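Please read it alongside the sequence and structure shown here.

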Amino acid sequence: MTVIVVDIQEGGYSSNEIIVKDIQFEISEGELVGLIGPNGAGKSTTIRSIIGLLPHVMGDISIKNGKGTYSYIPEQPILYEELTLNEHLIIALSSYEKNMADSQQEIDELLKKFRLEDFIHKYPTSFSKGMQQKVMLILSFLLKPDIYIIDEPFIGLDPIAIKDFLELINQERTRGAAVLMSTHVLDSAERICDRFILLNKGQISTIGTLEQIQEQYTLPQGTLFDCFHKMMQG
Ligand SMILES: Nc1ncnc2c1ncn2[C@@H]1O[C@H](COP(=O)(O)OP(=O)(O)OP(=O)(O)O)[C@@H](O)[C@H]1O
């Protein structure tokens with residue numbers, strides 16, 4: 001079943017400077033799709049248009065026919081200076097209309113998994129970048145959304161945290177969650193994504209499985225990096 005339908009005719013930070021154009025794709029339940037492209041290609045702009053943060057968008061974005069939920073995990077963590085980790089959890093849960101008592105076991109498991117149990121009454125703005133990213137991951141895993149939209153998860157997390165994060169993502173995919181993930185770490189993307197959207201200069205260059213992308217670039221045994229490289233050469 002389709003989780004998200006994206007149909008952006010154009011999008012930008014103002015109506016007289018269009019950054020992304022003709023971005024059309026769908027993601028199904030359980031599917032992990034990589035959003036790949038060089039610096040400035042428009043990956044973050046595409047993500048911003050999906051989550052409603054882009055000032056100018058012409059087009060339609062629908063998650064489960066308007067009834068679905070998403071979690072956005074930004075590359076730069078967004079945290080409140082005056083709140084402890086525990087208070088972040090309380091606020092997130094109340095905005096998801098869930099309560100602490102019902103979610104306590106899940107919270108404890110996530111805190112343990114990401115080794116943050118000793119920091120529950122500390123202020124996340126004083127954490128390291130990787131620890132802050134883990135807080136963002138915990139907050140979004142608690143929501144159990146229909147789709148996770150993740151901007152570059154691989155930079156900043158330590159190797160164990162990446163493994164734990166990918167395990168959780170796979171559990172969520174088994175539940176039926178879809179995932180859209182932008183990354184520059186192409187070998188990891190190649191290993192874990194079902195399909196790829198190759199973005200260049202604000203437009204989709206190719207979309208499909210690695211096999212379909214290899215075919216498009218006439219690189220039958222090529223890696224994702226090889227295809228990316230060929231796209232960049234025009
Ligand atoms: N807040 C902004 N206001 C105006 N233009 C912006 C803004 N953010 C990004 N842009 C422009 O939009 C274009 C696409 O940027 P975007 O951040 O979407 O690229 P990206 O693919 O995510 O790149 P990177 O891999 O470097 O993160 C760039 O030309 C950039 O200058």
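Helix α2 (residues 85-95) and helix α4 (residues 129-143) have axes that come within 10 Å and cross at roughly 30°. Angles under 35 degrees count as roughly parallel, so α2 is roughly parallel to α4. The model is predicted.

**Helix packing**

- The crossing in which α2 passes α4 is right-handed.
- On the α2 side, the contact is made by Leu 85, His 88, Ala 92 and Leu 93.
- On the α4 side, Val 135, Leu 139 and Leu 142 make the contact.
- Sorted by class, the contact of α2 with α4 has six nonpolar residues, one polar residue and no charged residues.

**Ligand shell**

- The residues around the ligand are Tyr 13, Ile 19, Gly 37, Asn 39, Gly 40, Ala 41, Gly 42, Lys 43, Ser 44 and Thr 45.
- Helix α1 (residues 43-50) supplies three residues, the largest share of the shell around the ligand.
- By class, six residues of this shell are polar, three are nonpolar and one is charged.

**Annotated domain**

- An unreviewed UniProt entry carries the annotation "domain: ABC transporter" for residues 3-226.

Note on methods: Residues are numbered from 1 along each chain as its sequence is written. This is a predicted model: local features need pLDDT of at least 70, side-chain atom pairs count only at pLDDT 80 or more; totals for chains, interfaces and linings use all residues. Axes are lines fitted to C-alpha atoms, for helices over the stretch in contact, and angles run from 0 to 180 degrees between N-to-C directions. Helices (H or I, at least four residues) and strands (E, at least two) are DSSP runs, numbered from the N terminus. Angles under 35 degrees count as roughly parallel, over 145 as roughly antiparallel, 65 to 115 as roughly perpendicular and the rest as oblique. A crossing is left-handed if the near helix is turned anticlockwise from the far one by less than a right angle, and right-handed if clockwise. Two residues are in contact if their C-beta atoms, placed from the backbone, lie within 7 Å. Ala, Val, Leu, Ile, Met, Phe, Trp, Tyr, Cys and Pro count as nonpolar, Asp, Glu, Lys and Arg as charged, and the others, Gly among them, as polar. A residue is near a molecule or strand if its C-beta atom, placed from the backbone, lies within 6 Å of it. UniProt positions are given in the numbering used here, feature names are shortened, and annotations may be inferred rather than shown by experiment.
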